[in-house]
Amino acid sequence: MAQYVHRQLHSRTDTMLQQIFSHTPLYVWAILGFLVYRGVLASRAREVSLRKLCIIPLVMLALSLSGVHGSFGFDGMAPFAWAAGALAGAALAWTLVDPRKIAAIPERSSVQRPGSWVPLILMMSIFCMKYAVAVTLAITPATAHATGFIVPVCLAYGGFSGIFLGGLLRTVAVYRQAHMTSGPQGAAV
């Protein structure tokens, strides 16, 4: 009897997972591919222009805010929980990013950054969380009104976004400091 029940549960789980994946829009998989690509790039030390440096934090911000808005709206506790998470994440990133490992190159409007797998891990965490929240809300829509679900999800969305924004702000601060102390051709003043 136990084997029969186990097989039935396994079969239902397989069917449900197939339904979930088959109903996922193609653009979601394109976003996943883009995030993996950018995460692998971030794993290598490289020179990055300030403009390109903004791409991932802005994409993560958009994913995060669209997750909050699409799932819970911007009324009630959701935006406050998101903002609290974002501030905490930004503060954490500001303190953890070592400015000595960032080399500003003002003459090329870029910075040399060390490689790290942390951005890929964070991007996959946001993607998986957003996907899991969407699936949860599709299966049990009433969850969208449960404070015990809304607050931790929005705190996490905000926290992840804040980490990316805090890292960006720390890097821009290092760049600005170097830019202010360099002459027209990047020579020290």
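In what follows, Ala, Val, Leu, Ile, Met, Phe, Trp, Tyr, Cys and Pro count as nonpolar, Asp, Glu, Lys and Arg as charged, and the others, Gly among them, as polar. The model is predicted, so local features need pLDDT of at least 70 and side-chain atom pairs pLDDT 80 or more, while totals for chains, interfaces and linings use all residues. Residues are numbered from 1 along each chain as its sequence is written, and side-chain values use heavy atoms, with hydrogens and water left out.

Helices (H or I, at least four residues) and strands (E, at least two) are DSSP runs, numbered from the N terminus. Two strands pair if DSSP finds at least two bridges between them. Strand E3 (residues 110-113) runs antiparallel to E1, with four bridges joining the two; here serine 49 stands opposite serine 110. E3 is also antiparallel to strand E2 (residues 103-105), through three bridges, and glutamine 112 in E3 is the bridge partner of alanine 103. Four residues separate E2 and E3 in a hairpin, and serine 109 in its turn has a positive phi of about 50°.

The loop between E2 and E3 also holds arginine 108. Arginine 108 forms a salt bridge (a side-chain nitrogen of Lys or Arg within 4 Å of a carboxyl oxygen of Asp or Glu) with glutamate 47, the closest N and O atoms being 2.7 Å apart. Glutamate 47 belongs to strand E1, and the pair, 61 residues apart, links distant parts of the chain. The count of salt bridges is two.

Pockets are found on a 1 Å grid over the protein atoms alone: a pocket is an open set of points where a 1.4 Å probe fits, with protein on both sides within 12 Å along at least five of seven lines, and lining residues have an atom within 4 Å of a point. Points are joined across faces, edges and corners, and a volume is the space filled by probe spheres set on them.

The largest pocket has a volume of about 710 Å³. Of its 27 lining residues, Val97, Arg113, Ser116, Val118 and Pro119 lie nearest the centre. Elements giving two or more residues to this lining include helix H2 (26-42), strand E1 (46-49) and helix H7 (147-181); H7 gives the most, with four. The lining has 18 nonpolar, three polar and six charged residues.

The second largest pocket holds about 420 Å³ of space. Its lining comprises 21 residues, with Tyr27, Val28, Lys130, Tyr131 and Ala134 nearest the centre. H2, H4 and H6 each give two or more residues to that lining, and H6 gives the most, with eight.
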